[in-house]
Amino acid sequence: MQIETKNNRSFLGRFECGDDLLSALTDFCKQNQIKMGVFNLIGAVQKAKMGYYNQEKKEYVDCIDLEKKLEISACMGNISLKDNEIMVHAHITLSDYEGKTYGGHLRPGTIIFAAEFFIQELSGEQLIRKKDEKTGLPLWNH
């Protein structure tokens, strides 16, 4: 599956210290009616929660709960619709003082210390997430 997209609006900004990262991303997209797009983000967190998709059980599980200060080495993802709601799908890689890295799906409970973002809104045929029976995942189905 593939669709052609065009760049629409672009946003540069930062989120507030103490905010939940996934909620801040999602709220920003909802406030700006960004229904399709991509984003990158850098910064640091006070603590983090990440998930992993268990392919056998076909469900997301919380796998990492880090109660320490970490750098956001990379955070990227996409924005689309699921059940007529704006959905942010984000992966994050974090590193600690010694350079050890952690990665996974960004989960609620990741608290921002500092976060700067670039969000690119896209236009074209709308991407809608629907459950894929083979994987159990809510994948794009236009």
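Me: Why is asparagine 84 called exposed?
Reply: The relative accessible area of asparagine 84 is 72%. Exposed means over 50%, buried under 20% and partly exposed in between (1.4 Å probe, protein chains only). Asparagine 84 is therefore exposed. The model is predicted: local features need pLDDT of at least 70, side-chain atom pairs count only at pLDDT 80 or more, and totals for chains, interfaces and linings use all residues. Numbering starts from 1 along each chain as its sequence is written, and side-chain values rest on heavy atoms, with hydrogens and water left out.

Me: Where does asparagine 84 lie, and what is its phi?
Reply: Asparagine 84 is in the loop between S4 and S5, strands being DSSP runs of E with at least two residues and helices runs of H or I with at least four, numbered from the N terminus. Its phi is positive, about 65°, although it is not a glycine. Aspartate 83 lies in the loop between S4 and S5 too, and has a positive phi of about 55°. Most residues other than glycine have a negative phi.

Me: Is aspartate 83 buried or exposed?
Reply: Aspartate 83 has a relative accessible area of 64%, so it is exposed.

Me: Why is lysine 47 called partly exposed?
Reply: Lysine 47, in strand S2, has a relative accessible area of 30%, so it falls in the partly exposed class. Leaving out residues up to four places away in sequence, lysine 47 touches Leu66, Glu67, Lys68, Gly109, Thr110 and Ile111, where a contact means heavy atoms within 4.5 Å.

Me: How do you know that S1 and S7 are paired?
Reply: Two strands pair if DSSP finds at least two bridges between them. S1 and S7 have nine, and run antiparallel, so they qualify. One of the residues involved is phenylalanine 15, whose bridge partner in S7 is alanine 115.

Me: What makes S2 and S6 a pair?
Reply: S2 and S6 have two bridges, in the antiparallel sense; glycine 51 has histidine 105 as its bridge partner in S6. S2 also pairs with S7, antiparallel, over 10 bridges. S5 and S6 run antiparallel with five bridges, and form a hairpin with five residues between them. In the turn, glycine 99 has a positive phi of about 90°.

Me: What makes a set of residues a nonpolar core, and which members touch the most others here?
Reply: A nonpolar core consists of buried Ala, Val, Leu, Ile, Met, Phe, Trp, Tyr and Cys residues joined through side-chain atoms within 4.5 Å. The largest one has 31 residues, of which Phe15, Leu21, Leu25, Leu41 and Ile119 touch the most other members. H1 (21-31) is among the elements supplying at least two residues of this core, and gives the largest share, six. Phenylalanine 15 touches Leu21, Leu25 and Leu41, among others.

Me: What makes a space a pocket rather than a cavity?
Reply: On a 1 Å grid over the protein atoms alone, a cavity is a set of points where a 1.4 Å probe fits but cannot get out, while a pocket is an open set with protein on both sides within 12 Å along at least five of seven lines; lining residues have an atom within 4 Å of a point. The largest pocket holds about 180 Å³; points are joined across faces, edges and corners, and the volume is the space filled by probe spheres set on them.

Me: Which strand gives the most to the lining of the largest pocket?
Reply: S5 does, with four residues. The lining includes Tyr60, Met87, His105 and Arg107.
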